[in-house]
Amino acid sequence: MKNTFILIVSLLFSLTIDAQVTYQIQELGSNEPIPFVKVIPDVGEPFLSDLDGYITLDATNEFVTLKYPHFEDTTILLMNVVGTVLYMKYGEQDVEEVVVVAGDNPAHRIMRQVIDRRKINHPLKNDAFTYKSYSKFKFDLNPDGLAAIPDSTTDSNLIDLRNTFSKQHLFMMESTSKRTFAPPYRDKEEILAYKVSGISDPMFSTFANSFQSFSFYENQFDLLGKQYVNPIARGGISRYLFILQDTTVVNNDTTFTIFYRPRLGKSFRGMTGHLYINTNGYAIEKVIAAPYDDSTGTTLKIIQEYSFVNDEKWFPSKLTTEIDLRSLALDTDIKSAYVIGRGSSYIEEVEINPEIDTKGLNDNIVVETSADAGELSEDEWERYRKYSITDKENETYRFVDSLGEALNFDRFLAVFKILAEGKIPLGKYINLDLQRSISFRNYEGYRLGAGLETSQRLMKNIQFGGYFGWGTRDKEWKYGGHATFHLNKKRGIRLDLRYQQDLLERGGTSFHENFPLLSNDLYRQFFISQMDRQRLGEMVFSWDLKSNIELKLIGNYQRLWFTQDYQYAKLPVNELDIAESGIELTWNILEKSMLIGDRKVSLGKRYPQIRVKAVRGWKGIAESDIDYWRLNAEVSHTTRIGTIGKLQWKIGASKVVGDVPLTLTHNGNGTRQFWNISVPNSFETMLAGSFYTTEQANIFTRFMFRPIRTKAKWNEPRFGLHHAIGFGNFTNREDHQWTFETMDKGFYEAGIILEGILTQNATSIGLGGFYRYGYYSNADWKKNIVPKIVVSFVLN
């Protein structure tokens, strides 16, 4: 009995000694958790709170001191704490530019180490890895807005507002995924499951990952689709102000807390926040970042936390996004009643340099949503969740799901997808093609008409359509029909058939493209002044060899009628039958895409695009009249040049083998017209249809410097330079009864551009002046100048 008593007392004593208490540090008033607080216990080493403000203290601790930038230093006697929350009071502080009179700024010494080791510590460099992640994102009404509703209010709307958002969130979503990466670029993330309140469409399955870059080591860091200059990029010390604010020693490592923001007088898109640098490899342990001096009305902050995995590499462990949508304020007298979003991605089961089968990593699809990812049961979800969902979250799913079913949210998303393709749904089964409603070319004037096609709700993998139109200047009717058979949407295998009685640009070269709302070719169409009539029957077989390589096999039969009194000496009449077969290849080098359901979404083109088209004309098939080859190739790219600006360039070449009428040669791609729209990758000072060649090469370049930041929301000017060169020649010119020039002497032009004189959302309007010089310039220098309006869409 005595031994038993001693054993029980010893056990209770050991449990008391080893007992620990977990607290969360929150801001007094808002109850928001405060991450990365420096915690100084009376017994033990200092340490930092985690991303959610949690700390664990021994039961033997009597008091603790808390320190955090912009908050009052707080010492708390733990025996007086009721519950498990420790509060800190916000105290506004200004961080001014620091001038170091003698010696080096201590933060610079640390940041030089961080910048020098940036590539070594970069998670997407050097090492392969796998991990699993769980993400949750919630939209809600700002808690300050709810707290501002008086308890004594009799306004029924405010009472309903308070009651509703005390029981549920506005909207929420969850997803879980697994990712495999093998350097330098093989990458695949599979969305295993997703759940979105009110919506079953997989469009939102990748939503949580779309707010920020995966790690803070890229030169340009992505925040909500916009690119910001990273403070740890090369040259960061000259662009950013760094201030060492705190030092925390844990075991043998030291964590430096460094405040950063753009230096005064610097004009670039920058960020501000705190870097937590660990002396173990001078790697980022934690980072807080937000846009600096942002006037968009949307407040965004990201937080990233890194863990030292397997004692070998720092790797992201938690990514958090906080967004305040002040523009989405509710129509109430409570000014703070606006929508906020909060979400985190938890990264677990990280393995560095595991054995990886790279066979499934070669298709350039880097994110793919599983076919059954939206069908998991609640019991299955519990296996993936980091934490069990709360009653409030359960109520959000219940209420918003029932609302989504009643209002058919998925139908609204389907309509949005159709609109993105340039179509408007007319009921369930028919879509109106906006491209066919109204258009303009100099040759035919305004074309008024309509185009209709069947929707996927009628037949998922087959579409039929037709169109008609009438030109106000050429007074001609055009019409046609088409059918598309999707044989395998995931692999992009489809068959397109079409018949049309329409027009063909004389000397034009067209690649088969989707709806070109933001394409240069759409605006180039305005200037086309020479066209021939065409009757066409065509079949096109398309296949995505990889997600970034598209192959098209083409076969067609055409009858052409020459217009505008053009005559070709080798034909007795002004009409021609041709039979063609061809191949077209588009290669977006190393382009990454997402596959959401059966819909492919590009993640942007970081490397050049190559397009090649070869067409063979066959004499003797049916009534076809001529043999020829028509070859086209172009390489184009838009790339950032550090923090200086953006370079857009295109190199093109074309050649015709055989004697052909002017329709089958190549025009000079001119778009000259005073005070009309500037068209990149064209000759801005060349009249459309004034130059033709049977072989040519050209180079178009346009460099836009970074924007000049102004205080006006409607103005963000940026200067640019344009230059274009073209060479070409023409064989058998005597066979063509038409007046035109060739480019055998070289065509040259240059220009100066001022974009962003007026800006609204993503649209920018400016001015440009272009000048033709060289052999084809006019003796009167004033006639070489072409003023234009520059319209652009700034998407990041």
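The side chains of His274 and Gln245 are joined by a polar contact of 3.0 Å (a pair of N or O atoms within 3.5 Å; within protein, one must be able to donate a hydrogen and the other to accept it, and residues adjacent in sequence count only if both atoms are side-chain atoms). This is a predicted model, in which local features need pLDDT of at least 70 and side-chain atom pairs count only at pLDDT 80 or more, while totals for chains, interfaces and linings use all residues. Residues are numbered from 1 along each chain as its sequence is written, and side-chain values use heavy atoms, leaving out hydrogens and water.

His274 lies in strand β15, residues 271-278 (a DSSP run of E, at least two residues, numbered from the N terminus). With a relative accessible area of 7%, His274 is buried (under 20%, 1.4 Å probe, protein chains only). Leaving aside residues up to four places away in sequence, its contacts include Pro69, His70, Tyr260 and Lys286 (heavy atoms within 4.5 Å).

Tyr260 also belongs to the largest nonpolar core, which has 50 residues (a set of buried Ala, Val, Leu, Ile, Met, Phe, Trp, Tyr and Cys residues joined through side-chain atoms within 4.5 Å). Phe216 is among the residues with the most contacts inside this core; Phe216 touches Tyr260, Met271, Leu275 and Ile284, among others. Another core, of 21 residues, lies apart from it and includes Ile34, Phe36, Val39 and Leu57.

The mean pLDDT of the protein is 87 (the predictor's confidence in each residue, from 0 to 100). Over residues 1-18, however, pLDDT stays under 50.

Methods:
Helix = DSSP H or I, 4+ residues; strand = E, 2+ residues; numbered from the N terminus.
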